[in-house]
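Please look at the sequence and the structure before reading on.

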Amino acid sequence: MVEKTKLQLPLVHNERLWARPWRWAKTVFFLVSMLASLLLVCAPPLLIVVLDLLLPPALLSNFHRAANHPASLIDQARGFHFRSSLVDLPAVSAARSLLILCAYTACGGGAAYLWVAVACSVGSVCYVVAKAAVVFGAAPDGAVLGLQGKGQLVAVEAMFLMSLALAAAHIAMAYRASCRERRRLLVYRIDVEAVRLKGGQTPKSLKQQFAV
């Protein structure tokens, strides 16, 4: 009996050793799943804002790391040049995302949020297209930026395309939120009409009250 007890102790010790990291892993997975479901189901516009804030700086940092550019983003901003610098692309994305986030926070999913999202996205698209025309117009191989190799050229093109795709995503999410808000107001209006009809009001008087 004593030998069997000694053989079981390492198993119990191993179980206790792995129990706490396993609980931590499950807790982290649960929190990440809840955050993802919140962004995907409850607030898709916030997911696009987060992606628009994180992806362009990450791509720019990876590009400069691969191109052996030791200068930081602050140094690049100080020596900014429209034709030979890419630091303005994350700045445009950040400004667009913050303005749209402010509109979404203040106006919800109404028409004002839709118009702000469309205006910011269209303005950023015009800027990105103008910059792409200047950068790739004179030299299709990106010689203005000092690119070396096809890989760097593909990375820069991916940055431009991602900025355009995120602008389109902002408009799509704003339109979806606006349609959802319109349906919610329509349902609320029908409920109010039903309650007031029970109170003895006529549909004609209700139309006059809800006329815009």
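Is Ser 124 buried or exposed? Ser 124 counts as buried because its relative accessibility is 5%; buried means under 20% relative accessible area, exposed over 50%, and partly exposed in between (1.4 Å probe, protein chains only).

## Basis of the report

The model is predicted: local features need pLDDT of at least 70, side-chain atom pairs count only at pLDDT 80 or more, and totals for chains, interfaces and linings use all residues. Residues are numbered from 1 along each chain as its sequence is written, and side-chain values use heavy atoms, with hydrogens and water left out.

## Overall fold

The protein chain contains seven helices and zero strands, giving the pattern α-α-α-α-α-α-α along the sequence. Helices (H or I, at least four residues) and strands (E, at least two) are DSSP runs, numbered from the N terminus.

Of the 212 residues in the protein chain, 27% are buried. Contact means heavy atoms within 4.5 Å. Among contacts between residues at least 6 apart in sequence, 69% join residues at least 24 apart.

## Surroundings of Ser 124

Ser 124 belongs to helix α5 (residues 111-138). When residues up to four places away in sequence are not counted, Ser 124 touches Val 92, Arg 96 and Ala 167.

The side chains of Ser 124 and Arg 96 are also joined by a polar contact of 2.9 Å. A polar contact is a pair of N or O atoms within 3.5 Å; within protein, one must be able to donate a hydrogen and the other to accept it, and residues adjacent in sequence count only if both atoms are side-chain atoms.

## Cysteines

A disulfide is a covalent bond between the sulfur atoms of two cysteines; here it is assigned to a pair of cysteine sulfur atoms within 2.5 Å. The structure holds zero disulfides. Cys 120 is in no disulfide, and the nearest cysteine sulfur, that of Cys 102, lies 9.6 Å away.

Cys 120 counts as buried, because its relative accessibility is 15%. Cys 179 is likewise buried, with a relative accessible area of 15%.

## Lining of the largest cavity

The largest cavity is lined by Pro 56, Leu 59, Leu 89, Ser 93, Met 159 and Ser 163. On a 1 Å grid over the protein atoms alone, a cavity is a set of points where a 1.4 Å probe fits but cannot get out, and lining residues have an atom within 4 Å of a point.

Helices α2 (44-66), α4 (88-107) and α6 (150-198) each supply at least two residues of this lining.

Definitions and conventions. On a 1 Å grid over the protein atoms alone, a cavity is a set of points where a 1.4 Å probe fits but cannot get out, and a pocket is an open set with protein on both sides within 12 Å along at least five of seven lines; lining residues have an atom within 4 Å of a point.
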